[in-house]
Structures are given as structure tokens and as C-alpha cells.
Amino acid sequence: PTMRTFLALLSLSVLTNSDLTKGAMLIQSRTYNAFWPLMAAAAIYLVIVGILTWGMNKLERRLRTSER
């Protein structure tokens with residue numbers, strides 16, 4: 001439950017999403033390439049969420065074993 005709440009807050013985070021999107025739009029305006037900057041932003045976001053998911057899973061397992 002902790003991980004789901006954390007990831008929901010992260011995925012709805014305006015800061016992370018808007019920063020990545022703004023950076024992609026800036027690159028897009030300079031290079032006139034719409035696809036690759038947005039794909040790179042999506043890949044970066046996926047890596048961040050993947051790392052945080054992995055970390056939260058590990059933390060939840062550790063907390064679950066310490067409860068026993």
C-alpha cells in the first residue's frame with residue numbers, strides 16, 4: 001500500500017512531469033524534431049519511476065520481514 005500511494009503521488013507530480021515536458025519542448029523548438037525529445041522525456045520518466053518502484057518494493061519487503 002505504501003508503494004502505490006508513493007507512486008501515485010509521483011506520477012501526478014506536476015514538478016517532475018512539467019520539468020521533463022518543458023525540457024523536451026525546448027529541445028523540440030530548437031531542433032524542429034517533435035518525436036525524439038518527447039520519447040527521451042518519457043524514457044527518463046520511466047527510469048525514475050522504475051528505480052523508485054524497485055526501492056519501495058525493497059523497503060516494503062524489509063518492513064514486512066521486520067514485523068514478523
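Helices here are DSSP runs of H or I with at least four residues, numbered from the N terminus. The model shown is predicted.

**View 1. Tyrosine 32 in the loop between helix 2 and helix 3.** Helix 2 covers residues 14-31, and tyrosine 32 sits in the loop that separates this helix from helix 3. The phi of tyrosine 32 is positive, about 60 degrees, although the residue is not a glycine. Most residues other than glycine have a negative phi. Tyrosine 32 has a relative accessible area of 76% and is therefore exposed, the cut-off for that class being over 50%.

**View 2. The aromatic pair of phenylalanine 35 and tryptophan 36.** The structure holds one aromatic pair. Phenylalanine 35 and tryptophan 36 make up this pair, with 4.8 Å centre to centre and 80 degrees between the planes. The arrangement of the two rings is edge-to-face, because planes over 60 degrees apart are placed in that class. Phenylalanine 35 has a relative accessibility of 47%, so this residue counts as partly exposed. Tryptophan 36, at 56%, counts as exposed.

View 3. Arginine 62 is located in helix 3, which spans residues 35-67. The relative accessible area of arginine 62 is 61%, so the residue is exposed.

How values were computed: Residues are numbered from 1 along each chain as its sequence is written. This is a predicted model: local features need pLDDT of at least 70, side-chain atom pairs count only at pLDDT 80 or more; totals for chains, interfaces and linings use all residues. Side-chain values use heavy atoms; hydrogens and water are left out. Helices (H or I, at least four residues) and strands (E, at least two) are DSSP runs, numbered from the N terminus. Buried means under 20% relative accessible area, exposed over 50%, partly exposed in between (1.4 Å probe, protein chains only). Rings of Phe, Tyr and Trp (its six-membered ring) pair if their centres lie within 6.5 Å; planes under 30 degrees apart count as stacked, over 60 as edge-to-face and the rest as tilted.
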